[in-house]
Amino acid sequence: MAGVKEKKRQQGSRRKRGMVFIPYDYEAAYNKQLEQLHEWFVEQMFKQRKKVVYALKEIKAGDQFEVEIYPQFASMDEVPPEGRNIKKDNDKAQRNLNDKNARKYVERLINENFTDNDLWITLTYDDEHLPPDGDIDAAIKNMQKFIRRVNYQRKKRGLLNAKYVYVTEYNPTEGIRWHHHIVMDGQMDMDMVEACWKQSSRNEVRRLQKDENGLSGMANYIVKEKERVKSEKRWNSSQGLKDPDIRVVHSKQPEKAKGSYKKIASYVEEMRKGHEQVKEQMSKWYPDFDFTETGIYYNDFNSMFYIRARMRMRRQEENDETGMEMSKKKATTKADIHGGDVVSCGDDDSMPDYRGNI
């Protein structure tokens with residue numbers, strides 16, 4: 001309760017100072033990649049820019065960590081025309097997977113709630129059980145029956161109801177029959193899970209497998225953007241899933257826990273120069289994460305920039321290996337200093353359950 005009161009107090013304080021910013025679709029607004037612009041023009045744009053407040057958004061979903069840096073405005077008239085749609089994080093009204101924000105939300109939801117111990121399932125239909133063309137409601141009902149059977153079997157085994165996210169896909173113009181992709185927790189035997197589907201025997205159930213981007217590759221596959229008929233693709237999820245952790249700040253220290261806080265805009269001046277500058281700054285802010293990719297975008301409507309970066313939490317074995325390498329380097333340095341003998345000075349150094357029916 002105290003936290004809610006403090007948040008309202010801070011919001012009220014910002015209003016008094018005129019610091020109320022509008023939500024907008026900054027990804028659509030800044031959709032031109034920096035590589036498409038000559039360096040001289042970039043410099044001219046930066047000199048001509050207006051003073052602006054930049055926000056830095058941190059999104060943590062499981063092992064995955066994203067950073068989005070974008071300008072904020074008090075009026076929609078200041079926003080580039082392409083971005084003048086209001087977008088809010090985790091808005092449950094974003095139901096259509098044609099919307100990139102909805103796809104991003106589902107991707108982050110999967111990364112936050114599932115691991116290599118869980119399941120990726122594809123369920124299909126034989127000709128006898130195929131839903132009628134365009135009948136999304138019939139396809140969804142089949143999935144609801146499947147989930148009820150799964151939960152019945154789990155209850156018999158003393159397990160809680162399943163955690164899941166599923167997408168229903170169908171597009172006759174591309175020859176895509178009705179089918180469902182599901183990510184589900186792996187507490188119940190895979191054969192029993194598959195046996196709960198009664199519409200076909202040609203299905204696929206396997207363990208999830210993370211790569212350098214966690215489960216994002218798989219998540220993007222099942223929510224990929226493409227031409228689709230109205231209501232052709234819907235996502236649903238179980239109750240009780242954790243939302244990704246999202247935090248927005250307007251200032252940061254130059255390095256983690258080091259130096260005085262500076263406005264995010266002051267860091268943009270260096271980072272907009274290129275990917276290496278972004279990577280270098282991210283490594284200072286987030287030393288426990290490995291950098292995987294970045295993008296720098298601009299809009300000549302207002303000569304401002306949007307920067308995004310993706311990282312992943314460094315795995316424990318990688319931390320252990322790094323620690324061992326550091327220990328070896330320390331030992332080598334001591335040996336060099338003391339003529340080949342490592343001198344020790346005491347102790348060694350330590351190193352029904354539905355949500356989002358769309």
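Because the model is predicted, local features need pLDDT of at least 70 and side-chain atom pairs count only at pLDDT 80 or more, while totals for chains, interfaces and linings use all residues. Residues are numbered from 1 along each chain as its sequence is written, and side-chain values use heavy atoms, with hydrogens and water left out.

**Confidence**

The predictor's confidence in each residue is called pLDDT, on a scale from 0 to 100. The chain has a mean pLDDT of 76, with 65% of its residues reaching 70 or more. For residues 329-358 the pLDDT is below 50, although this stretch has 47 contacts in the model beyond near neighbours in sequence, a contact being heavy atoms within 4.5 Å. Where pLDDT is low, the predicted coordinates should not be read in detail.

**The largest cavity**

A cavity is a set of points, on a 1 Å grid over the protein atoms alone, where a 1.4 Å probe fits but cannot get out, and its lining residues have an atom within 4 Å of a point. Grid points are joined across faces, edges and corners, and a volume is the space filled by probe spheres set on the points. The largest cavity holds about 40 Å³ of space. Ten residues line this cavity, and those nearest its centre are Ala61, Gln64, Glu66, Arg108 and Asn111. At least two lining residues come from each of strand S2 (53-61), strand S3 (64-72) and helix H4 (100-113); here helices (H or I, at least four residues) and strands (E, at least two) are DSSP runs, numbered from the N terminus. By class, the lining holds two nonpolar, three polar and five charged residues, where Ala, Val, Leu, Ile, Met, Phe, Trp, Tyr, Cys and Pro count as nonpolar, Asp, Glu, Lys and Arg as charged, and the others, Gly among them, as polar.

**Salt bridges**

Side chains of opposite charge can pair when their charged atoms come close. A salt bridge is counted when a side-chain nitrogen of Lys or Arg lies within 4 Å of a carboxyl oxygen of Asp or Glu, and by this rule there are 16 of them. Three pairs are set out below.

| Glu58 | Arg247 | 2.8 Å |

In terms of relative accessible area, buried means under 20%, exposed over 50%, and partly exposed in between (1.4 Å probe, protein chains only). Glu58 is buried at 8%, whereas Arg247 is partly exposed at 45%.

Asp127 is exposed, with a relative accessible area of 63%, and Arg177 is partly exposed, with 39%.

The pair of Asp290, in strand S12 (residues 289-299), and Arg314, in the loop between strand S13 (304-313) and helix H10 (316-337), links parts of the chain 24 residues apart. Asp290 is partly exposed at 22% relative accessibility. Elsewhere, salt bridges that share partners join Glu66, Glu68, Lys104 and Arg108 into one network; of these, Glu66 and Arg108 are also among the residues nearest the centre of the largest cavity.

**Single residues**

Asp245 lies in strand S9 and is exposed, with a relative accessible area of 51%. Leaving out residues up to four places away in sequence, Asp245 touches Glu58, Ile59 and Lys60. The C-alpha atoms of Asp245 and Phe65 are separated by 9.6 Å, although the two residues are 180 residues apart along the chain.

Ser75 sits in the loop between S3 and H4 and is partly exposed at 25% relative accessibility. Its C-alpha atom is separated by 7.6 Å from that of Phe21, 54 residues apart along the chain.

Gln199, in the loop between helix H6 (190-195) and strand S7 (204-207), is buried at 10% relative accessibility. Apart from neighbours within four places in sequence, Gln199 is in contact with Thr124, Tyr125, Asp126, His129 and Asn142.

Ala257, in the loop between strand S10 (251-252) and strand S11 (262-263), is exposed at 66% relative accessibility. The phi of Ala257 is near 60°, a positive value in a residue other than glycine.

How values were computed: On a 1 Å grid over the protein atoms alone, a cavity is a set of points where a 1.4 Å probe fits but cannot get out, and a pocket is an open set with protein on both sides within 12 Å along at least five of seven lines; lining residues have an atom within 4 Å of a point.
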